[in-house]
2 protein chains.
Amino acid sequence: MKFSPNNSAQNPLFQKVPRRGKLRDTHITLAHGSGGKAMRDLIDDIFISNFDNSILSQLEDQASFNLASFTQHGDRLAFTTDSYVVDPLFFPGGDIGELAIYGTINDLAVSGAKPLYLSCSVILEEGLSVETLRRVATSMKIAAQKTGIQIVTGDTKVVQRGAVDKLFINTAGIGVIPAKVAISAHNIQPGDAIIINGELGNHGAAILIARGELALDTDIESDCQPLHDLVETILNVCPGVHAMRDATRGGLATVLNEFAVSSNVGIRLDEKSIPVREEVKGVCEILGLDPLYLANEGKLVVVVKGDNADTVLSAMKSHPAGKDACIIGEVISSPPGIVLLNTIFGAERIVDMLVGDQLPRIC
Amino acid sequence: MKFSPNNSAQNPLFQKVPRRGKLRDTHITLAHGSGGKAMRDLIDDIFISNFDNSILSQLEDQASFNLASFTQHGDRLAFTTDSYVVDPLFFPGGDIGELAIYGTINDLAVSGAKPLYLSCSVILEEGLSVETLRRVATSMKIAAQKTGIQIVTGDTKVVQRGAVDKLFINTAGIGVIPAKVAISAHNIQPGDAIIINGELGNHGAAILIARGELALDTDIESDCQPLHDLVETILNVCPGVHAMRDATRGGLATVLNEFAVSSNVGIRLDEKSIPVREEVKGVCEILGLDPLYLANEGKLVVVVKGDNADTVLSAMKSHPAGKDACIIGEVISSPPGIVLLNTIFGAERIVDMLVGDQLPRIC
């Protein structure tokens, strides 16, 4: 039987699909990744409702913005991406959702960019509890609100049980770099000072302890935090910062080795100036790890002209994310590409690139 | 013993870390995700060398571009992301690498945007063969070259065996939308024509057969292809395209349901006009699948004013990616939010949103 559109409008079968889905399931199934109704409900209920903004809720396959809206912030666009596979999903001081927001914000911020928009792509394991996903999405929502960024586009995939461990998140981010700011690992000069905004290794140690493989009872928390506001504070007093990077995987040692190689300079660190909590030192001693290589998620390494060091340091100390800032070393002309450490015992050793792996799935 | 920088420069221990790493391993280890030397070698040898461009090879934590360089292409920035988890990694007509480039290009293109830059974030399983990864990266390189986009920023994570199935890729993309183009799922009007650029379901069927669960011998290949050039051809003759989307997961049926709901219109399809290969119909019959829901990776659904349909159709047919284009339906005012199909038997049925999952890990 053929029915006319007019009749069909009165037929209950022709009820319009509701715009806002409500998720009734307690666990993720493959249908939630199908592109169909179940996926739409998941996206509506978990992501659209939490990340609430007018760009995302258009549900187009891409977000779009007037280019003119960017030029008020600067003259260059910054673009970055990171996947987050941290294990466990929740740990003292943070969780994978917060990490996925702050980590990508920080990768934008270290170019001097104002972070504006993030994408969010999740890969879910069949059987994941919806409650876990909701908790992570809520955490992302709060992190986005705190930092003033918007999550404007996304993607959801579900894979069969065993094909992914619970939940991985990718965020990509775009931001705008203010005119005249030119931060690069290639800009470093002998005579520059190396500044860090606080204690090293808290994130790595917190994850290690959260895995429960060590029977340690400590109050170490991840330092997971956004750095864009601290960066803005620094640029306000010193727009000519030479280099800046957040010391995540591979720790301070990796960042400084990259700096030394990129700018073909040497770096000399002073071990007694490098802030490390006693508990973190303890964990490192037990496991034979080196705090210089431990991951951080809220630590900024700043390289400025020696003459600007005190100004930058005092600006950093005035900011909550930089209150424990200190100068930890200097840039030297030779040996190029090498990081040296003056140890607390008065000796000197090379701090090489990390060889092997200290700790997998740290971020 | 302390040695002076001058002496140290002659000490072989102080050799500068080579800028370009060479990967000697045959399989991925956790060290390749550590942030240290092994990861650097992997990135240099697999990604930097293949994706060769001056932005990526800076190895900063973010890519940056002059905003002024975007304005030559249009007035709005488009931003999108997708994760790719297709199984198997290689299938007739494509592979995960090509898919990760073309899929994200297509999500930009359907807004009318010129795709410019992509990010690439990989999650690797410990034990993955380096040869497999190299093959995928080479495929991405070729896809990028063919389409003129650049992969400008990336991330590499390695997780322990069993925590991910071989290799997942996320790409995010940015492009620029030309002035006056305003394509949106919300723009559709009664009287509009629905056009498709060719056969439906080839990708879904090719993946299904590649999994080897069916003892079928066919030559069905994925339709995996970039659509940005076809979109440009269409916009040249009809800048006022109402809506456009690539019919991937969930197939044509899902796209049209999204269109019908977003614009609060009805859509009437004519089954006999919808191009589906006989072999694909055969696969669908055996498995109880519907080609309207099968995934595609190079199929463009275009909605234009009825008066423009012939012009757009003939422009599409002039392009290699649109040579089999045809009009498959029309937009009606009622029933709103509903997709109807006039079947080959002369009956009418509702084509609903996909409920459940036809085929996991299709893209």
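This is a predicted model: local features need pLDDT of at least 70, side-chain atom pairs count only at pLDDT 80 or more; totals for chains, interfaces and linings use all residues.
Residues are numbered from 1 along each chain as its sequence is written, chains are lettered from A and ligands numbered from 1 in the order written, and side-chain values use heavy atoms, without hydrogens and water.

I traced β1 (residues 63–66) of chain A to β2 (residues 76–84) of chain B; the two run antiparallel and are joined by four bridges. Strands here are DSSP runs (E, at least two residues), and two strands pair if DSSP finds at least two bridges between them.

**Interface totals.** I recorded 101 residues of chain A in contact with 101 residues of chain B (heavy atoms within 4.5 Å). The buried area is about 8200 Å², with 59% from carbon and sulfur atoms; this is the accessible area (1.4 Å probe) that the two parts lose on being put together, summed over both. A:L67, A:F79 and A:R249 supply 10% of the area that chain A buries against chain B, more than any other three residues.

**Charged pairs.** I counted eight salt bridges between chain A and chain B (side-chain nitrogen of Lys or Arg within 4 Å of a carboxyl oxygen of Asp or Glu). One salt bridge links the side chains of A:K157 and B:D82 at 3.6 Å, N to O.

**Sheet in chain A.** I read the strand order of an open seven-stranded sheet as β9-β11-β8-β12-β10-β13-β14, with mixed pairing.
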